[in-house]
Amino acid sequence: MKKKFLLARDTSEINLPRASDDTSDIVLNIYRGGPNQKPENSYDSYRVPVSRWTTVLDALIYAKERLDSSVAIRYSCRMASCGSCGMKINGIPRLACYTKISELGTHTITCEPLPNFPLIRDLVTDFQEFFDHHKKIQPYIQNLHPDPSIDKLSEFEQTPQQVDEFLQFSYCIKCGLCYSACPTVATDTKFPGPQALAQAYRYFADSRDDAVEKRLSIVDDKHGIWRCHFAGSCSKVCPKGVDPALGIQMLRSHMMSITKKPKKRLAELRETSREGS
Amino acid sequence: MRESTVMKIHYVTGLAALLTVAVHVMMRVITPFSMSLEYENVVANYQNILYSLLLESILILVSIHGFNGLRVMLLELRQDAKWEKFVMLFTLTAMLVVIGYGTRTIIIVSG
Ligand code: SF4
Ligand code: FES
């Protein structure tokens with residue numbers, strides 16, 4: 001790996017808050033280049049001062065603002081909500097804004113673009129294919145057979161147990177870390193990936209949705225849900241505590257007719273809520 | 001055929017193959033191992049109708065399970081319509097040829 005050290009210019013006049021006394025320097029290796037570059041010559045190294053709470057994203061922003069403005073990174077919320085700062089940090093897909101330098105336990109941090117995504121430049125990857133897979137499973141509630149006996153519009157009521165069926169899967173922020181960690185996605189580009197399949201389960205398990213057959217027929221394909229090898233790496237890297245591997249297995253067990261959908265008819269629910277009010 | 005139906009067949013044949021192969025191995029232990037592979041004993045086994053049926057079911061179960069497994073692996077290698085069609089035809093033909101040839105052997109020896 002060819003390293004090129006770039007040192008900070010004099011920052012004394014720039015009035016940025018200085019880290020507290022317990023700062024130390026780390027070496028930040030950043031993958032540089034576009035889609036056709038040879039990976040072995042593609043890292044630039046920067047010396048960055050960090051303190052206890054510095055995140056990898058803070059270090060990258062420091063490098064971009066003070067050392068080399070040409071570094072391409074993507075971020076927005078800086079609080080693990082938007083899912084745009086995913087990258088491989090010291091070999092593992094993580095969110096840069098959610099990874100503290102101190103928790104990595106080393107003074108050398110290497111940032112690379114997410115695998116399984118086409119590279120745009122440096123640490124920025126193209127999410128088009130990933131979002132296409134997500135859209136394909138129709139990730140929205142569909143109530144195809146509303147109860148005709150109900151003339152008045154009312155809310156879709158759910159019991160806490162019904163919410164629990166899908167709640168953890170609705171925490172997904174579409175950061176793509178699971179997709180980049182999946183060994184099947186690495187070889188099969190038509191495989192929807194753990195994120196889309198977990199979302200298929202999320203809507204399948206939602207008692208307000210009744211497009212079960214429609215959605216299942218989308219994932220029940222030669223390159224669909226059956227190609228999951230249950231490596232489990234998706235669940236390991238998810239920063240939001242979603243367990244996509246679990247969602248996939250739940251959906252598969254339903255398709256194998258081992259479990260039945262724990263759904264109550266919408267009309268029954270509304271009936272109960274009307275009686276209660 | 002839906003992929004879920006194919007995979008149901010895949011899992012069922014896998015389990016059934018495990019069971020039938022286990023019975024087959026157990027039956028080998030009835031006679032001392034070296035004797036069980038003697039020419040006369042092998043031919044005599046084939047002439048037992050139940051044993052022939054067991055062999056035939058092992059042949060069918062393992063072929064279906066094995067060639068479908070091969071199809072799944074090959075599908076992951078490349079993703080284009082031509083390749084998918086080729087993989088489908090190749091594995092199906094290979095499966096039928098193996099089952100046909102094996103059945104022929106069983107019928108000839110048991111006859
Ligand atoms: S399941 Fe987790 S890792 Fe995958 S996209 Fe959603 S939040 Fe990111
Ligand atoms: S910047 Fe939004 S998740 Fe990291």
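Buried area is the accessible area, taken with a 1.4 Å probe, that two parts lose on being put together, summed over both. The legends below describe a predicted model, in which local features need pLDDT of at least 70 and side-chain atom pairs count only at pLDDT 80 or more, whereas totals for chains, interfaces and linings use all residues. Residues are numbered from 1 along each chain as its sequence is written, chains are lettered from A and ligands numbered from 1 in the order in which they are written, and side-chain values use heavy atoms, with hydrogens and water left out.

**View 1. The interface of domain 1 and domain 2 of chain A**. Between domain 1 of chain A and domain 2 of chain A about 1100 Å² is buried, with carbon and sulfur atoms giving 64% of that area. The domain assignment of chain A places domain 1 at 8–125 and domain 2 at 128–276, these bounds coming from an automatic or database domain assignment. Each domain of chain A brings 15 residues to the contact, where contact means heavy atoms within 4.5 Å. On the side of domain 1 of chain A, the residues that lose the most area to domain 2 of chain A are A:Pro93, A:Asn116 and A:Phe117, which together account for 46% of what that side buries.

**View 2. Polar contacts and strands at the interface of the two domains of chain A**. Four residue pairs, both members at pLDDT 80 or more, are in polar contact between domain 1 of chain A and domain 2 of chain A; a polar contact is a pair of N or O atoms within 3.5 Å, of which, within protein, one must be able to donate a hydrogen and the other to accept it, and residues adjacent in sequence count only if both atoms are side-chain atoms. Strands β4 (86–89) and β5 (92–95) of chain A each supply at least two residues of the side of domain 1 that touches domain 2, and β5(A) gives the most to that side, with four residues. Helices (H or I, at least four residues) and strands (E, at least two) are DSSP runs, numbered from the N terminus.

**View 3. The aromatic pair of A:Phe117 and A:Phe127**. The rings of A:Phe117 and A:Phe127 are stacked, at 4.4 Å centre to centre and with 20° between the planes; rings of Phe, Tyr and Trp (its six-membered ring) pair if their centres lie within 6.5 Å, and planes under 30 degrees apart count as stacked, over 60 as edge-to-face and the rest as tilted. A:Phe117 belongs to the loop between β6 (108–112) and β7 (119–121) of chain A, and A:Phe127, 10 residues apart from A:Phe117, to the loop between β8 (124–125) and α3 (128–136) of chain A.

**View 4. Salt bridges between chain A and chain B**. Chain A and chain B bury about 1400 Å² between them, 51% of it on carbon and sulfur atoms, and four salt bridges are found across their interface, each being a side-chain nitrogen of Lys or Arg within 4 Å of a carboxyl oxygen of Asp or Glu. A:Asp220 meets B:Arg2 in a salt bridge at 4.0 Å, N to O, and B:Glu84 meets A:Lys190 at 3.2 Å, N to O. Because B:Glu84 lies in helix α5 (residues 81–110) of chain B and A:Lys190 in the loop between α6 and α7 (193–204) of chain A, the pair joins two chains.

**View 5. The surroundings of A:Gly34**. A:Gly34 sits in the loop between β2 (24–31) and β3 (43–50) of chain A. Its C-alpha atom is separated by 4.4 Å from that of A:Arg121, 87 residues apart along the chain.

Technical notes
Lists of a residue's contacts leave out its neighbours within four places in sequence.
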